[in-house]
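Biologist: I would like to learn how to read aromatic contacts in a model. Can we go through them one by one?

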Amino acid sequence: GPDDWDRRVLISAWHRDRNKRRSEFLGCMSFAVKHVSKKEISGSFRLLSQACGRTQHVPVTSTCADQTDAMANQSESSVEECVSIEESDIAPTPDPVPDRRLHTKKDGEKTANEDSIFLRHLELDPPVENNPVKGNAPSGGVSKGGRTPFTTTKRLTRQSGTSFGFSIAWTHPPRIERVESGLPADQAGLRPGDYVIFVDKTNVVTLPEEEILKLIKSCGNHLILEVYRKVSANGTIGRSSLLSAIGLPHTTARSSTACSGATTATASIELTKRRLHLPQVTFTSEGSPENVVEGRRQAVYQLLHNEQQYVLCLQFGIARFLLPLSERRDVISPQDHSVLFQNAQELLRLTEDVLEMMIQEEGDRFGSSVGRIFLRKMSAIISGYRRYCSGLKKADCLLVEKTRNSAFVRLITEPPVPRRRPDLTTFVHKPLEHFRDLLKLLQTIQNNTPPKDDDYPAISRVVQEFQTAYRDITVESGLMEPEIEGRPLLSLQDLESRLVFTRCKPFVLSTPGRQWIFGGDLSRVEGRSVRSFWALLFTDLLLFAKVSRDRVLFVTEEPLSLLTVSQALFSIRKKATEFRLMVSSTPGGTDSPATGVTCGHLPDLPLSRTPRKGPRRRTVALRAPTPELKAVWQNLIQRQIIYLNTGRGGTPASSPLDSPD
């Protein structure tokens with residue numbers, strides 16, 4: 001009907017490898033319903049990435065279809081294919097060591113699915129002297145751009161016995177993970193997030209790690225790389241930005257293999273408005289290099305601010321909950337009190353010590369020895385957080401048990417907790433959240449510290465030890481990190497860079513005010529079927545994902561909005577690890593009879609919405625791996641649902657998880 005005319009018909013293409021029992025996404029396209037309903041659609045169309053294919057289709061022009069040159073599908077008119085990396089190099093169930101695919105099809109039989117994985121088939125342009133189009137290249141033999149239409153040439157020269165100054169994450173294509181300031185990679189213009197397409201004259205998009213390392217080693221002290229870069233700061237790409245990146249004017253013509261068509265300009269303009277979801281990529285803008293000194297100073301100020309807010313949070317929690325409950329042995333025994341609060345006071349003292357040492361530095365010296373300060377306290381900090389986090393699940397179990405006691409509930413809810421101060425659940429979970437934030441900020445400081453800086457060895461060691469400790473703490477407890485090895489997931493940006501949407505509509509995860517609260521294993525129970533997920537709890541939704549071997553998060557289910565949850569049932573008979581969420585078809589308002597409740601500590605809280613006319617309801621049955629992890633989910637989900645349905649947090653932007661004033 002007319003109501004559906006604004007919707008689109010999505011067509012996706014997949015390749016099924018029956019031997020390896022895996023499916024590979026080749027690409028997709030979509031057509032407006034109002035156009036499909038009026039006339040028949042026929043012809044050849046390009047397979048696009050998910051981000052582009054859901055909003056457009058791009059016909060294959062006759063000029064492009066007749067080309068048999070290897071570069072025919074990699075011209076200006078196919079610039080939209082630059083966004084297809086996330087599907088081409090990540091399969092839903094990837095192998096631990098990627099195999100090199102052999103392509104035996106003739107050039108004339110190339111199909112549109114090759115466009116979606118074009119980086120694998122890039123070939124180097126002919127030498128400059130044989131290519132009149134590039135006759136204006138510098139005398140050095142390489143144009144200002146690169147040796148392909150989509151890459152930039154980077155020349156690195158080092159002295160014998162020294163390093164090129166960059167590290168690689170072994171994705172496909174290989175990705176520059178880190179660039180050390182002042183070393184050859186930095187001087188050549190390499191940036192984190194660059195994709196390495198060629199090492200000298202060899203395409204390395206699908207090569208295994210060992211072969212790439214051999215190629216780099218064989219180049220000796222002079223290394224030539226062709227890199228593909230996402231140049232816009234906001235994560236978008238278009239023809240003009242691509243040409244600017246490789247140093248060509250917007251009107252520069254490509255070689256005779258370039259295609260042109262009426263859809264070129266439209267596709268490019270639309271693509272400049274798209275966001276890319278690539279795995280674990282930090283995009284940087286071309287232009288003048290950032291001032292690392294100023295970047296470090298800003299990161300140090302942010303660290304100082306976070307530490308101050310953390311101290312305020314702990315001080316409030318200790319004065320509001322820890323000390324009063326220690327005097328009420330009729331409500332909680334000394335042993336249970338120790339289990340619930342553990343060594344929170346020790347963590348407060350450690351943070352106060354660090355703050356005191358940081359503020360002693362004045363003037364230009366402020367923040368110059370952050371690494372050495374944390375190095376001095378590193379063993380005590382890691383030991384303290386390891387001890388605290390190892391007992392977090394027991395603390396959640398005890399909290400669930402104690403909230404069945406009305407006297408205990410009165411103590412922690414009366415008088416009401418101020419809006420921007422932590423309730424008991426937030427206070428109990430704050431140290432784990434802070435340890436994650438602390439590691440993230442220390443990494444930022446390290447990335448903005450030149451290798452020659454006196455503080456660099458200390459900050460590097462601190463970051464390395466903190467990363468190892470965070471990984472051990474979270475994986476052992478089943479909290480926040482998936483079991484698969486890899487760099488820690490510390491922020492919304494880390495998560496979003498790894499998201500791949502396979503069966504649900506893509507959405508932007510990093511919205512203002514949304515915070516990541518918790519992550520852990522959780523199963524969805526549907527009849528006799530039990531499907532395992534790695535679930536992520538945010539301030540306003542619950543997301544279910546599958547984690548691949550390279551830590552890519554495949555989202556196959558629509559996220560569950562917490563505003564649609566009308567009732568949470570955590571006491572399921574004979575099922576110690578199961579709980580259920582009653583979901584309404586339409587989200588309710590912020591009015592709720594639970595307004596007077598400021599802490600979500602009732603075992604089965606009916607969050608009444610008083611729907612106008614009997615809404616459709618469905619039950620989402622969830623199962624945690626252990627009763628302890630169920631208690632963690634119970635406390636956090638219940639607390640967040642209440643926040644969203646009371647005056648304490650009607651929207652993610654007004655989340656009570658904000659740091660206190």
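Modeller: Start with burial. A residue counts as buried when its relative accessible area is under 20%. By that cut-off Tyr-385 is buried, and Phe-435 is buried too. Keep in mind that this is a predicted model.

Biologist: How many aromatic pairs does a search of the whole structure find?

Modeller: The search finds 13.

Biologist: What describes a pair of aromatic rings?

Modeller: The distance of the centres and the angle of the planes. Take Phe-321 and Phe-427. Their ring centres are 6.4 Å apart and their planes sit at 35 degrees, so this pair is tilted. Both Phe-321 and Phe-427 are buried.

Biologist: Which helices hold Phe-321 and Phe-427?

Modeller: Phe-321 is in helix α10 (residues 292-326), and Phe-427 is in helix α16 (residues 424-447). The pair therefore ties together parts that are 106 residues apart in sequence.

Biologist: Back to Tyr-385 and Phe-435. Is their aromatic pair stacked or tilted?

Modeller: Stacked. The centres of Tyr-385 and Phe-435 are 5.0 Å apart, with 15 degrees between the planes. Tyr-385 lies in helix α13 (residues 370-390) and Phe-435 in helix α16, so parts 50 residues apart in sequence are tied together.

Biologist: Which residues do ring pairs link into a cluster with Tyr-385 and Phe-435?

Modeller: Phe-466 and Tyr-470.

Biologist: Which residue lies over the face of Phe-164?

Modeller: Arg-158, at 4.2 Å from the ring centre. Another case is Arg-524, which lies over the face of Phe-544 at 4.8 Å from the ring centre.

How values were computed:
Residues are numbered from 1 along each chain as its sequence is written. This is a predicted model: local features need pLDDT of at least 70, side-chain atom pairs count only at pLDDT 80 or more; totals for chains, interfaces and linings use all residues. Side-chain values use heavy atoms; hydrogens and water are left out. Rings of Phe, Tyr and Trp (its six-membered ring) pair if their centres lie within 6.5 Å; planes under 30 degrees apart count as stacked, over 60 as edge-to-face and the rest as tilted. Helices (H or I, at least four residues) and strands (E, at least two) are DSSP runs, numbered from the N terminus. Buried means under 20% relative accessible area, exposed over 50%, partly exposed in between (1.4 Å probe, protein chains only). A charge sits over a ring if NZ of Lys or CZ of Arg is within 6 Å of the ring centre and within 35 degrees of the ring normal.
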